[in-house]
Amino acid sequence: MSVADTDTGAGTPAEGSAQKTSRAGRNLPVAITVGALLGGAVIASLVYAPHAFVGIVAAGVLLGTLEVVRRLRAAGYVIPVIPLVVGGQATLWLTWPFGVRGALAGFGATVVVCMIWRLLSPHGRRAAPVPDASPANYLRDVSATVFLAAWVPLFASFAALLVYPQDGPGRAFALAIGVVASDVGGYAAGVLFGKHPMVPAISPKKSWEGLVGSLVFGVTATALTVTYLGGKPWWIGVLLGFMLVATATLGDLVESQVKRDLGIKDMGSLLPGHGGVMDRFDGFLPSAVAAWVVLTLVP
């Protein structure tokens, strides 16, 4: 998620806080500090203990899933949280011994168990059942559950898959630096030059000028990382850079639309200056899929 994202499904910052927030509606110094700490943890894991990166991703999957489940339940959805959380962790960790097959097996099993769980527990465990939480909404609830299982744990599993090969830390770093550079470039260009909204109905502050900034920063940073740290041809870095910018932007817009559907501003409040875990990693998740596809399948 860009610090420039101002999707305001549930209001805008108060006037009295204007001097503390950026044009993005965020406390920029706090957002930068939190982002730097997260980035430092990821870099340290890749340098000193590459497999610890999987643990960081797993923690993000757990917290992000719980955030979205809480928001969906508040909106009246009945989500089978136990099999979703357990299955999400299985989807991720099964990549360690079994690779892609482990991720697919974990995801498939999660979907099957969630479908059965929702069928046998139509009202879920609630202090006060929501009027529309009935078997009649089975398709709605299961669709949201399957979407969430793919959006968070399955997509995140591709980030874990990046780190296992011998040059895995470089691959994972290329993913991280590409998404961050796209984010920073989009924010800087959007604040300085943004005048033409890209998709105002979804994210009013996202501009075409910001997208150009994302492309310049994201493609350049990714190409340099892939070439000098990954030892791959420059054109693979350029291709990956374009893919990361596209998927990171798409991931940001998808989460913005979900939040608008739910009438909320942030998915959570765990990360000061950013919102919740999903507000920080919305662009990272689909970009992990793109990074794995390019760095694994392109010769």
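Lys259 and Asp279 are both buried in this predicted model. Their side chains form a salt bridge, with 3.1 Å between the closest N and O atoms. This pair links distant parts of the chain, since Lys259 belongs to helix H9 and Asp279 to helix H10, 20 residues apart.

Lys259 has another partner as well: Glu255 meets Lys259 in a salt bridge. Here both residues lie in helix H9, which covers residues 234-262, and they are four residues apart, about one turn of the helix. Glu255 is buried, as is Lys259.

Now for helix H10 again. Which residue does Arg280 pair with in a salt bridge? The partner is Asp183, and the closest N and O atoms are 2.6 Å apart.

| Salt bridge | N to O distance |
|---|---|
| Arg280 and Asp183 | 2.6 Å |
| Lys259 and Asp279 | 3.1 Å |
| Glu255 and Lys259 | 3.7 Å |

How many salt bridges does a search of the whole structure find? The search finds seven, and the pairs in the table are among them.

Terms used: Residues are numbered from 1 along each chain as its sequence is written. This is a predicted model: local features need pLDDT of at least 70, side-chain atom pairs count only at pLDDT 80 or more; totals for chains, interfaces and linings use all residues. Side-chain values use heavy atoms; hydrogens and water are left out. A salt bridge is a side-chain nitrogen of Lys or Arg within 4 Å of a carboxyl oxygen of Asp or Glu. Helices (H or I, at least four residues) and strands (E, at least two) are DSSP runs, numbered from the N terminus. Buried means under 20% relative accessible area, exposed over 50%, partly exposed in between (1.4 Å probe, protein chains only).
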